[in-house]
Amino acid sequence: MALPALAPEFYKAMINLDAAARRRLDPALIELVKIRTSQINHCAFCITMYTRDARTEGESEERIYLLNAWEESPTYFTAKEQAALALTEAVTVLTDGFVPDAVYDRAARHFEAAELAQLVSLIITINAWNRISVTTRMSPGNPPSEEL
């Protein structure tokens with residue numbers, strides 16, 4: 001499905017939402033959140049794209065490989081990154097219908113209010129991109145400009 005051609009206003013709005021959600025957040029943190037969200041959502045297209053982006057931003061192979069097990073690898077991720085990843089998982093999965101207070105409070109201890117709002121916006125936006133990619137059957141190797 002060529003989403004940009006078939007729903008151009010929506011696609012343009014998603015591009016703008018994505019740009020707004022990234023503002024004032026650490027580029028390395030952005031990539032970790034995007035990869036982890038995509039792992040949870042089983043979006044192979046996004047995992048491929050975002051790990052490539054993370055490498056371009058200077059992320060280490062070791063941290064990328066350990067991201068799926070970040071809780072078992074605490075020495076590889078800062079306390080702030082761990083708080084962001086916990087919030088990422090809670091917002092993405094919503095198994096209990098809400099984000100647990102402890103998870104939100106943990107993130108709030110590491111992020112100023114405006115930065116936390118940006119992080120939540122980023123998590124919501126990448127979840128939307130994952131759902132678009134999975135729904136439209138994107139897979140690694142498909143060019144995004146034609147297939148999304």
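**View 1. Gln 39 and its contacts in this predicted model.** Setting aside neighbours within four places in sequence, Gln 39 is in contact with Ile 47, Leu 67 and Asn 68. To find Gln 39, look in helix H3, which covers residues 27-40. Is Gln 39 buried or exposed? Its relative accessible area is 18%, and under 20% counts as buried, so Gln 39 is buried.

**View 2. Tyr 50 and the residues around it.** Here we're in helix H4, residues 44-56, where Tyr 50 has its place. Tyr 50 is buried, with a relative accessible area of 5%. Which residues does Tyr 50 contact, leaving aside its neighbours within four places in sequence? They are Glu 31, Lys 34, Ile 35, Ser 38, Ile 126, Trp 129 and Asn 130. For a sense of scale, pick out Ile 124 too: Tyr 50 and Ile 124 are 74 residues apart in sequence, and their C-alpha atoms are 16 Å apart in space.

**View 3. Ile 126, a contact partner of Tyr 50, seen from its own side.** Ile 126 sits in helix H8. With a relative accessible area of 2%, Ile 126 is buried. Leaving out neighbours within four places in sequence, Ile 126 is in contact with Lys 34, Thr 37, Ser 38 and Tyr 50. Lys 34 and Ser 38 turn up among the contacts of Tyr 50 as well. Leu 66 gives another distance to check: from Ile 126 it is 60 residues away in sequence and 20 Å away in space, C-alpha to C-alpha.

**View 4. Helix H6 against helix H8.** H6 runs over residues 79-93 and H8 over residues 113-135. Their axes are 10 Å apart, and the helices pack at an angle of about 45°. That angle is why H6 counts as oblique to H8. The crossing of H6 past H8 is right-handed. On the H6 side, the contact is made by Lys 80, Ala 84, Leu 87, Thr 88, Val 91 and Thr 92. H8 brings Glu 115, Leu 116, Leu 119, Val 120, Ile 123, Ile 124, Asn 127 and Arg 131 to the contact. What is the make-up of this contact by nonpolar, polar and charged residues? Eight are nonpolar, three are polar and three are charged.

**View 5. Helix H6 again, this time with helix H7.** H7 takes in residues 101-110. The axes of H6 and H7 come within 9 Å and cross at roughly 145°. This crossing is left-handed. From H6, the residues making the contact are Ala 79, Lys 80, Gln 82, Ala 83, Ala 86, Leu 87 and Ala 90. Their counterparts in H7 are Val 103, Tyr 104, Arg 106, Ala 107 and His 110. Sorted by class, the contact of H6 with H7 has eight nonpolar, two polar and two charged residues.

**View 6. Helix H3 meets helix H6.** The axes of H3 and H6 come within 10 Å and cross at roughly 35°. H3 passes H6 in a right-handed crossing. Which residues of H3 make the contact? Look for Leu 29, Leu 32, Val 33, Arg 36, Thr 37 and Ile 40. Across from them, H6 supplies Glu 81, Ala 84, Leu 85, Thr 88, Glu 89, Thr 92 and Val 93. That contact of H3 with H6 counts seven nonpolar, three polar and three charged residues.

**View 7. Cys 43 and Cys 46.** Are these cysteines buried or exposed? Cys 43 has a relative accessibility of 1%, so Cys 43 counts as buried. Cys 46 is also at 1% and counts as buried.

**View 8. Arg 24 and Arg 137, with positive phi values.** Start with Arg 24, in the loop between helix H2 (8-22) and H3. Arg 24 isn't a glycine, yet its phi is positive, at about 60°. Arg 24 is exposed, with a relative accessible area of 65%. Now move to the loop between H8 and helix H9 (144-147), where you'll find Arg 137. Phi of Arg 137 is near 65°, again a positive value in a residue other than glycine. Since over 50% counts as exposed, Arg 137 is exposed at a relative accessible area of 64%.

Terms used:
Residues are numbered from 1 along each chain as its sequence is written. This is a predicted model: local features need pLDDT of at least 70, side-chain atom pairs count only at pLDDT 80 or more; totals for chains, interfaces and linings use all residues. Side-chain values use heavy atoms; hydrogens and water are left out. Axes are lines fitted to C-alpha atoms, for helices over the stretch in contact, and angles run from 0 to 180 degrees between N-to-C directions. Helices (H or I, at least four residues) and strands (E, at least two) are DSSP runs, numbered from the N terminus. Angles under 35 degrees count as roughly parallel, over 145 as roughly antiparallel, 65 to 115 as roughly perpendicular and the rest as oblique. A crossing is left-handed if the near helix is turned anticlockwise from the far one by less than a right angle, and right-handed if clockwise. Contact means heavy atoms within 4.5 Å. Ala, Val, Leu, Ile, Met, Phe, Trp, Tyr, Cys and Pro count as nonpolar, Asp, Glu, Lys and Arg as charged, and the others, Gly among them, as polar. Buried means under 20% relative accessible area, exposed over 50%, partly exposed in between (1.4 Å probe, protein chains only).
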